[in-house]
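Colleague: Could you take me through one part of this model closely, and show me how the rest is arranged around it? I'd like to start from the overall layout and then zoom in.

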Amino acid sequence: MNNIYKAIYNEIKKYKKIYIARHIGPDPDAFGSQMSLKESIKLTFPEKEVYAIGCTVSKFKYFGRVDKVNDFDYENSLLIVVDTPDKKRVDIENFESFKNVIKIDHHPKVDKFSEIEYIKDTASSASECVLDIIENTKLKMNELIASDIFIGIVSDTNRFLYGVNYKTFELVSSLVKKYKLNVEELYRKFYLKPLSETRLMGYIASTLKVDKYGFAYIEIDEDIINSFGADISSASNMINDFNNINEVIVWTFVSRDEKNNQYRVNIRSRGPVINEIAAKFNGGGHKFASGVRTSDKNVVDNLLKELSNCCKEYKEESEKHGSN
Ligand SMILES: [Mn+2]
């Protein structure tokens, strides 16, 4: 084992109580990396108490339940944060009070918030990072763990569309072979969705505003989301289903989180790099999948303007070079 694997494994070995957290507004990779790591630690060390913490999302009940914890044993336990580059997006309060913190992530680095950091921004997903750690330590794996990792990778790459190379396929291929994963069954379980959600997608598609530069956006009200019987996280995760529209280069969902008095802005792109723009507005993420949270409506308006502008420039640039 090289140093980072050894360091992570030794910390896991040392603590009786381990909490695993991920980012707010969790997506399937956040769940996949969190749940697979939890199960792997439990399988390897049955005597340990391992908790997966953070909010629940109805759309992702596939992954099983998160653990309800009322009192955190900060002084005696280890916290592992997966799929989260920045402090402000860790879905747990006072996380720096834990005896020790480990970060496992595939986003470009934002904050350093732990002594032990595993950051691999060439990995397709945090789930792939967990797979790498399991394979390079004595952590164990079984079919359930392999399935969660598989779904995490599939989802963060949008079914092998983004951020993949031959290595991703090799990893997935050996995972499927070794644990005899029933890919069709997994896809069916994961991608089958209720009519209510499909209707909400129809609403979004018919309401989406698209400007002449290829910038699309929609503001979705929580009341509307609720009237379709979906929750806000499920709705903002639908953004990935709008990636193949000819007239759209960058698209944005703005939803208002009433409880936290915040606008949640999700941005996707199939052309210009958007995380630098998101960073200007105190957000972040990947080159083509970013987000911003703010309580200020002016920030949202300015961000939308800037994104439309960047589509304009991108379009002009592409036309100059005779491509589309
Ligand atoms: Mn991820």
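Modeller: Happy to. The C-alpha centres of domain 1 and domain 2 lie 26 Å apart. Do keep in mind that this is a predicted model. Domain 1 covers residues 3-190 and domain 2 covers 195-320. Twelve residues from domain 1 and twelve residues from domain 2 make up the contact. On the domain 1 side, the residues touching domain 2 are five nonpolar, four polar and three charged.

Strand 8 has a parallel partner in strand 7 (residues 215-220), with six bridges between them. In that pairing, Phe215 stands opposite Val250 of strand 8. Strand 8 also pairs with strand 9 (residues 262-269), this time in the antiparallel sense and over eight bridges. Here Trp251 has Arg268 of strand 9 as its bridge partner. Strand 8 and strand 9 form a hairpin with four residues between the strands, where Asn261 takes a positive phi near 50°. As a general point, side chains in a regular strand alternate between the two faces of the sheet.

For the surroundings, let's turn to the cores. The largest nonpolar core has 48 residues, and Ile18, Ile20, Leu79, Ile80, Val82, Ile104 and Val130 touch the most other members. Helix 4 (residues 143-156) supplies the largest share of this core, with seven residues. Another core, of 32 residues, lies apart from it and includes Ile204, Ile277, Phe281 and Leu307. Back at Ile20, contacts beyond four places in sequence include Gln34, Leu37, Val50, Ile53, Ile80 and Val82.

Glu47 sits in the loop between helix 2 (28-44) and strand 2 (49-52). Glu47 counts as exposed because it has 6 C-beta neighbours inside 10 Å, and the cut-off for exposed is 12 or fewer. From Glu47 to Pro85 is 38 residues in sequence and 30 Å in space, C-alpha to C-alpha. Helix 5 (residues 166-178) has 13 residues and reaches 18 Å from its first C-alpha to its last, close to the 18 Å expected at 1.5 Å a residue. Just after helix 5 comes Lys180, with a positive phi of about 50°.

Notes
Residues numbered from 1 in each chain as written. Predicted model: local features only at pLDDT ≥ 70, side-chain atom pairs only at ≥ 80, totals over all residues. Core = buried A, V, L, I, M, F, W, Y, C linked by C-beta atoms within 7 Å. Buried ≥ 20, exposed ≤ 12 C-beta atoms within 10 Å, placed from the backbone. Helix = DSSP H or I, 4+ residues; strand = E, 2+ residues; numbered from the N terminus. Contact = placed C-beta atoms within 7 Å. Pairing = 2+ DSSP bridges. Expected span 1.5 Å × (residues − 1). Domains from an automatic or database assignment. Nonpolar A, V, L, I, M, F, W, Y, C, P; charged D, E, K, R; others polar.
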